[in-house]
Amino acid sequence: MAPRPRTLEIIRTALGALEEFGIAKPPVDSLACLKQRAEVEFFPLTEVDGSTSYSKRTGKFFSVLSSKVNGGRLRWTAAHELGHIYLHLPPGSRRPKTRYEEDREADRFARNFLMPEEWVRREVSILSPHGELLIARDLGRLKEIFQVSWPALLRRLDELGIQDWYVSDDQLGIEPPDVLVKLG
């Protein structure tokens, strides 16, 4: 099944952003990229990991990120907020009907910004040249290469059809192999 036009647009936008920032290989320092596009402040947020707004008066973006997140989660949050900047906040940009749809689009941007399909497939082919099932050590190496959280990595592998994993929400803080349950 071919991706929908909006999905392709989001993927192209994420890849274009990587090119704009001059990034050609992992890991992507999404926080540094966000700081190039927005004023960034950290606060001890509890309800969300981040939020971004645009000031019509100043023509600038402002992002607030939670000081309670770090590592792969911070990298994801910064990429997600960058997605809002590229997809939803510029004047005249196309916005989905609901906040939920906006967040899903920003998530898609983040996945393609942090782990473009070509990069993931290249790294997987190095780790598993004959297409065998990735083992925990391989997954750990991918996590190290892309510097993302376990859930982000596993969901991306699943999305690309590389390896199917189920990660329940109550297991998101657990390290593999305990968190991994192979489907099928």
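## Exercises on a predicted model

Gln147 is partly exposed, with a relative accessible area of 35%; buried means under 20%, exposed over 50%, and partly exposed in between (1.4 Å probe, protein chains only). The model is predicted, so local features need pLDDT of at least 70 and side-chain atom pairs count only at pLDDT 80 or more, while totals for chains, interfaces and linings use all residues. Residues are numbered from 1 along each chain as its sequence is written, and side-chain values use heavy atoms, with hydrogens and water left out.

**Exercise 1.** Find where Gln147 lies and state its phi.

*Solution.*
- Step 1. Gln147 belongs to the loop between α6 and α7 (150-159). Helices (H or I, at least four residues) and strands (E, at least two) are DSSP runs, numbered from the N terminus.
- Step 2. The phi of Gln147 is positive, about 55 degrees, although the residue is not a glycine.
- Step 3. Most residues other than glycine have a negative phi, and most peptide bonds are trans.

**Exercise 2.** Which peptide bond, from Pro26 to Pro27, is it: cis or trans?

*Solution.*
- Step 1. Omega is near -5 degrees for this bond, which is cis.
- Step 2. Pro27 is placed in the loop between α1 (5-21) and α2 (30-37).

**Exercise 3.** Describe the overall make-up of the protein.

*Solution.*
- Step 1. There are seven helices and five strands.
- Step 2. Their order along the sequence is α-α-β-β-β-α-α-α-α-α-β-β.
- Step 3. The protein has 184 residues, of which 46% count as buried.

**Exercise 4.** Which residues touch the most other members of the largest nonpolar core?

*Solution.*
- Step 1. A nonpolar core is a set of buried Ala, Val, Leu, Ile, Met, Phe, Trp, Tyr and Cys residues joined through side-chain atoms within 4.5 Å.
- Step 2. The largest such core has 44 residues, and Leu82, Phe109 and Phe113 touch the most other members.
- Step 3. Helix α3 (residues 71-87) gives this core its largest share, eight residues.
- Step 4. Leaving aside neighbours within four places in sequence, the residues in contact (heavy atoms within 4.5 Å) with Phe113 include Ala14, Leu18, Phe21, Val28, Ala79 and Leu82.

**Exercise 5.** Work out how Tyr86, Phe109 and Phe113 are arranged as ring pairs.

*Solution.*
- Step 1. Rings of Phe, Tyr and Trp (its six-membered ring) pair if their centres lie within 6.5 Å; planes under 30 degrees apart count as stacked, over 60 as edge-to-face and the rest as tilted. By this rule there are four aromatic pairs.
- Step 2. Tyr86 and Phe109 have ring centres 5.6 Å apart and planes at 20 degrees, so they are stacked.
- Step 3. Tyr86 lies in helix α3 and Phe109 in helix α4 (residues 99-114), so the pair ties together parts 23 residues apart in sequence.
- Step 4. Phe109 and Phe113 are stacked too, at 5.5 Å centre to centre with 15 degrees between the planes. These two are four residues apart in helix α4, which means about one helical turn separates them.
- Step 5. Tyr86 is buried at 18% relative accessibility, and Phe109 is buried at 0%.
- Step 6. Phe21, Tyr86, Phe109 and Phe113 are linked into a cluster by ring pairs.

**Exercise 6.** Why do the buried residues of α6 line one face of the helix?

*Solution.*
- Step 1. In helix α6 (residues 136-146), the residues Asp138, Leu139, Leu142, Ile145 and Phe146 are buried.
- Step 2. Viewed down the axis, these residues fall within an arc of 120 degrees, so they line one face; the arc is that of the directions from the helix axis to the C-beta atoms.
- Step 3. Exposed Arg137 and Glu144 sit on the face turned away from the buried side.
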